[in-house]
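User: I would like to learn how to read pockets and confidence values in a structural model. Please take one feature at a time.

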Amino acid sequence: MNEDKKRHTVWLTSDAWSQVETSYTKDNCTTKNEYIEKAIRFYTGYLNTQNAASYLPRVLVDVLDGKLGTLGTRIGKLLFKLAVEQDMIANITAAVNEVHLDDVERLRARCIKEIWQANGVISLEDTVRYQNGWEDQWLG
């Protein structure tokens with residue numbers, strides 16, 4: 001910012017000028033002009049970029065990355081445990097019941113349809129209604 005500087009007249013509201021006066025030292029600026037110029041450059045850069053993350057404070061980006069990474073890891077572990085339990089149930093069910101492969105394929109198609117219609121929310125009560133022949137009540 002050691003360029004040749006020229007004087008410009010800028011009209012600001014009292015509130016905006018008050019914000020400049022109370023904030024310029026917090027940003028380690030030595031003058032109010034320096035603060036205003038940094039604010040203009042920051043906002044112009046923000047408007048001209050597709051990636052607003054480059055204008056977020058680095059600490060915030062690091063914290064969000066860490067939290068989201070931890071969340072992703074936790075969800076992955078829980079999904080793995082759920083898949084193991086589901087596989088155990090499927091193996092027990094297949095061992096105990098004599099189910100034909102054609103029936104499994106029809107069941108899969110029906111289940112996919114149900115999940116889509118229910119936006120992914122299926123309860124035990126809904127399944128009992130279907131298995132007992134009360135399908136009309138469930139599908140509404």
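**Reading the pockets**

Analyst: Helix 2 (residues 32-48) supplies the largest share of the lining of the largest pocket, with five residues. The model is predicted.

User: What is the general idea behind looking for a pocket, and what volume does the largest pocket have?

Analyst: Rolling a probe the size of a water molecule over the atoms shows where empty space is left. In this structure, the largest pocket has a volume of about 590 Å³.

User: How many residues line the largest pocket, and which lie nearest its centre?

Analyst: The lining consists of 14 residues. Nearest the centre are Lys6, His8, Val10, Asn33 and Ile36. By class, the lining divides into six charged, five nonpolar and three polar residues.

User: What is the volume of the second largest pocket, and which residues line the second largest pocket?

Analyst: The volume is about 510 Å³. The lining is made by Gln86, Ile89, Ala90, Thr93, Ala94, Val99, Val104, Leu107, Arg108 and Cys111. Two elements, helix 3 (58-96) and helix 4 (101-117), each give two or more residues to this lining. Helix 3 gives the most, with five residues.

User: Now the fold. Which elements does the protein chain have?

Analyst: The protein chain has six helices and zero strands. Along the sequence the pattern reads α-α-α-α-α-α.

User: What share of the residues counts as buried, and what share of the contacts joins residues at least 24 apart?

Analyst: Of the 140 residues in the protein chain, 7% count as buried, the cut-off being under 20% relative accessible area. Among contacts between residues at least 6 apart in sequence, 15% join residues at least 24 apart. The accessible surface of the chain comes to about 12700 Å², and carbon and sulfur atoms account for 57% of that surface.

User: How should I read the confidence, and which elements have the lowest and highest mean pLDDT?

Analyst: Where pLDDT is low, the predicted coordinates should not be read in detail. For the protein chain the mean pLDDT is 83, and 87% of the residues reach 70 or more. Among the elements, helix 6 (residues 135-139) has the lowest mean, 50. Helix 1 (residues 14-23) has the highest, 93.

Conventions. Residues are numbered from 1 along each chain as its sequence is written. This is a predicted model: local features need pLDDT of at least 70, side-chain atom pairs count only at pLDDT 80 or more; totals for chains, interfaces and linings use all residues. Side-chain values use heavy atoms; hydrogens and water are left out. On a 1 Å grid over the protein atoms alone, a cavity is a set of points where a 1.4 Å probe fits but cannot get out, and a pocket is an open set with protein on both sides within 12 Å along at least five of seven lines; lining residues have an atom within 4 Å of a point. Grid points are joined across faces, edges and corners, and a volume is the space filled by probe spheres set on the points. Helices (H or I, at least four residues) and strands (E, at least two) are DSSP runs, numbered from the N terminus. Ala, Val, Leu, Ile, Met, Phe, Trp, Tyr, Cys and Pro count as nonpolar, Asp, Glu, Lys and Arg as charged, and the others, Gly among them, as polar. pLDDT is the predictor's confidence in each residue, from 0 to 100. Buried means under 20% relative accessible area, exposed over 50%, partly exposed in between (1.4 Å probe, protein chains only). Contact means heavy atoms within 4.5 Å. Accessible areas come from the Shrake-Rupley method with a 1.4 Å probe; for residues, only the protein chains shown count as cover.
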